[in-house]
Structures are given as structure tokens and as C-alpha cells.
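Reader: Before I rely on the labels attached to this model, I would like to hear how each one was reached. Could you take me through them, setting values against definitions?

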Amino acid sequence: MHSWPSPVLPELPGAGPALRLYDTADAQVKPVAPGPVATMYVCGITPYDATHLGHAATYLAFDTVHRVLRDQGHDVHYVQNITDVDDPLFERAERDGVDWRDLGTREIDLFREDMAALRVVPPRDYIGAMESVDEVITAVSELLEKGAAYVVDDDEFPDVYFRAGATGVFGYESNYDRATMERFFAERGGDPDRPGKEDPIDALLWRAARPGEPSWEAPFGAGRPGWHIECSVIALNRLGTAFDIQGGGSDLIFPHHEYSAAHGEALAEQRRFARHYVHTGMIGLDGEKMSKSLGNLVLVSRLRSSGVDPRAIRLGLLSGHYRADRMWTDATLAEGGDRLACWRRAVSAEAGPDAVATIARVRAHLADDLDTPKALAAVDGWAGDALDGIGRDTGAPAAIADAVDALLGVDLRA
């Protein structure tokens, strides 16, 4: 599957300090220590509806990580999946009276347009679930052979499940207690009441074929992949074991990231799936988390079609810290637009204050657990001084424009 065109990133002189990010498993901010190639996997969308600002906030956070790592001299191998075969897609297609494949194709195309408009650097590997079915079948076969998985005793629908205790370290990624796991498992796509399971929180690896659903032939019976194993195999087969960052929204901490890690660890017989588990906060509207199920969505495509500059959307989302749950308001968007206008005026000036110290501050703030609010404030300070006529450096406006483009993803020259 193809992704979307990549923006051209200016190369900046020098480099910033090493990146530090909060790790969910270790519950602390710690250094990201990649080799020459930094490896990152971020969970993609299920394409049954358009990109909302909650999605955008997550992908902008990891786009900023991507940009910081590149600025520090790393090649970045970024992988993202897209769950193009799953229950929500089938349910929405049935509701709307369309073919689920057509619905998925339409929403994937719209997602690509939104990401390109927001100037998100695309993943190197953009892999659909349907593309990875053969890999999933191989992985499920291995998990059955290792005793980490089992087939339920059901002649009609012999689903395959993963034993939650198979690795002996299950739960380390989320640090949730059993009661919390059970609650989130039931709320977030799990099936605790499925007859024949050994443990209510054992996760589905392979759903046996049902009437009216797509299926693929496998040694353990025709069917289709479960949700978590899809990400496990896509990441493992492209990034290997113990890659640098696994990312997504905080609603993926459990069960999705706990199980995708456990599946990968059972397959690789290795202690830790990713070195860093990084999660973004939720974006809300009118006091509620923004989600498709609640229907309280602000869609990127709708904002764009109404004439909103995508750069203002990007600046509005970056004005909050990536880990914070926060509300989107009209004021957030207005502030993003005002900031964009101010910065554009400032970099159009003939001269300004020396840019070196400002760029160093932006780099330092971003390296400190992606503190985008402080990074924006650093540029605000420079822009204010430039508009007040402070500074005589004729090269500073162009240097700031390059830094804002490379690090924050906002092209001030367009």
C-alpha cells in the first residue's frame, strides 16, 4: 500500500540534544538511544470514517518525533499499519449500504490527503492488514506450536486465542491491575464472555470464518486476523525485535499494545517488544473525548474544506503537550491561525534577532519529552522581537523559517 508524498525538510546546521521521551512501561522520561537507524512503529487507522483531530494529534506527535530524530542525524525507519479488515469497517459499510472495500479505499484516500495537508512525513512502510495475512498465518502457526495459543473447542467457529500468561511478563507495558485490564478489555474490542476461552482476557489471534465475512485459508482453519497480531507481525517483520519506539494514543495502552507486545515477545522469545512505549493524550470536545463512537468529531477534511489553513490546525494541536488530555475549542484554532500569521510576518522581515539561540531553545524543548508548547513560545519570542524591529541579522528570518519547517512542520514561506 502506498502512503502519501513526503514534504521536503530543510537541513539545519548543527544538531540538538538527544531525545528523551516518557515511557509508559517504565513510567518515566528516559533517553531514546537509537543507532544510526532509529526504528518506530505507530498504529494506524481503521478506515471506516474520516480523520478527526484526535487522530491528527497522535500522528503529529510522532511526526515531530520523526523530525527530531532526523534533525539529530538518524535515518528513521518508520512503519505504520492500516487495519483495512475489521468489524467496525464491516458494521459501518452495512449501515451505509456500501461495500466495505469501497468504504475502506475512500477513507484511506482521505486520510492520505489529510496527512499530506498537515505535512506529516510518511512512513517508509505503510502496510494494510490484508497485505499481512500470510505473515499473520505464519505467526499464529508458530504461537500454536509454542503452546502460547490454543483453538477453542467449537466445531462451528474454532477461533484461535493467545494465552495472556504465555510470556510470564504480561502486564508490564500498561502496569494495569487485573480489574482495570478486565474493564478495558471488555470496553475496547475484547470478548471476555466467549465460551471456551481459558481466561476471559485471552486475546483473539484468528477469527474463524463467519458467513458474510472475508476469510483466508490457513492450516488451523479459514478465517481472518485478530487486531493485535496484525501489528505484531508487521512491526517484527520490518523492524526486528526491540525496536526503538512503539507509539499510539493512550487508549491503545491496553489491550492493543499490551497484546501486540506479548505476541511479539512470544514469537521472538525476547523480553521486550519495544524499547520505548509512547502514548499520546486524548483530544476532547465539549467535555468529552473525541471519538467515532460518541460522534463528537471535528474532522480535518471538514476544516480544510471550510477554508481553514492546515498549518493553523497543526499549530493548534502542537500548542498542547502531546501526553496531555485536552479540549479542542474554537479558541485553539483561532490561536493557531494568529500564531501562523504572526510568524509569517516575522520571517518576511528584512532582519531580526540572531536565530542561533532561538533554534537551540526549540531543539532543547523538543528533545525534552517533546515539549511543543515551550518550543512554540520560543519562536513566539523571536517573532515578537523581529516585528518590534529588534535585531539586525538579515539571515535570521530565513534561518527561523527553515527551523520551523524542519522541526515543527510548518512552512512559513507558502
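**Labels and their grounds**

Author: Let us start with serine 215, which sits in the loop that links strand E8 (203–208) to strand E9 (223–225); strands here are DSSP runs of E with at least two residues, helices are runs of H or I with at least four, and both are numbered from the N terminus. The model is a predicted one, in which local features need pLDDT of at least 70 and side-chain atom pairs count only at pLDDT 80 or more, while totals for chains, interfaces and linings use all residues. Residues are numbered from 1 along each chain as its sequence is written, and side-chain values use heavy atoms, with hydrogens and water left out.

Reader: Why is serine 215 called partly exposed?

Author: Its relative accessible area is 37%, and because buried means under 20% and exposed over 50%, with partly exposed in between (1.4 Å probe, protein chains only), serine 215 is classed as partly exposed.

Reader: What does serine 215 touch, not counting residues up to four places away in sequence?

Author: Serine 215 touches Ala209, Ala222 and Gly223, where contact means heavy atoms within 4.5 Å.

Reader: What makes the largest nonpolar core a core, and which residues touch the most other members?

Author: A nonpolar core is a set of buried Ala, Val, Leu, Ile, Met, Phe, Trp, Tyr and Cys residues joined through side-chain atoms within 4.5 Å. The largest has 75 residues, of which Leu21, Leu53, Val65, Ile245, Leu317 and Trp343 touch the most other members, and helix H1 (residues 53–71) gives the most to this core, with ten residues.

Reader: Why is this core said to lie between domain 1 and domain 2?

Author: Domain 1 (20–294) and domain 2 (330–408) both give residues to this core, so it lies between them; the domain bounds come from an automatic or database domain assignment. A second, separate core of 44 residues includes Ile127, Met181, Phe184 and Leu205.

Reader: What makes E13 and E14 edge strands?

Author: Three strands form an open sheet in the order E13-E12-E14, with mixed pairing, and strand E13 (288–289) and strand E14 (326–327) each pair on one side only. Two strands pair if DSSP finds at least two bridges between them. Strand E12 (residues 283–285) is joined to E14 by two bridges, and these strands run parallel, so the pair meets that definition. Isoleucine 283 has arginine 326 as its bridge partner in E14.
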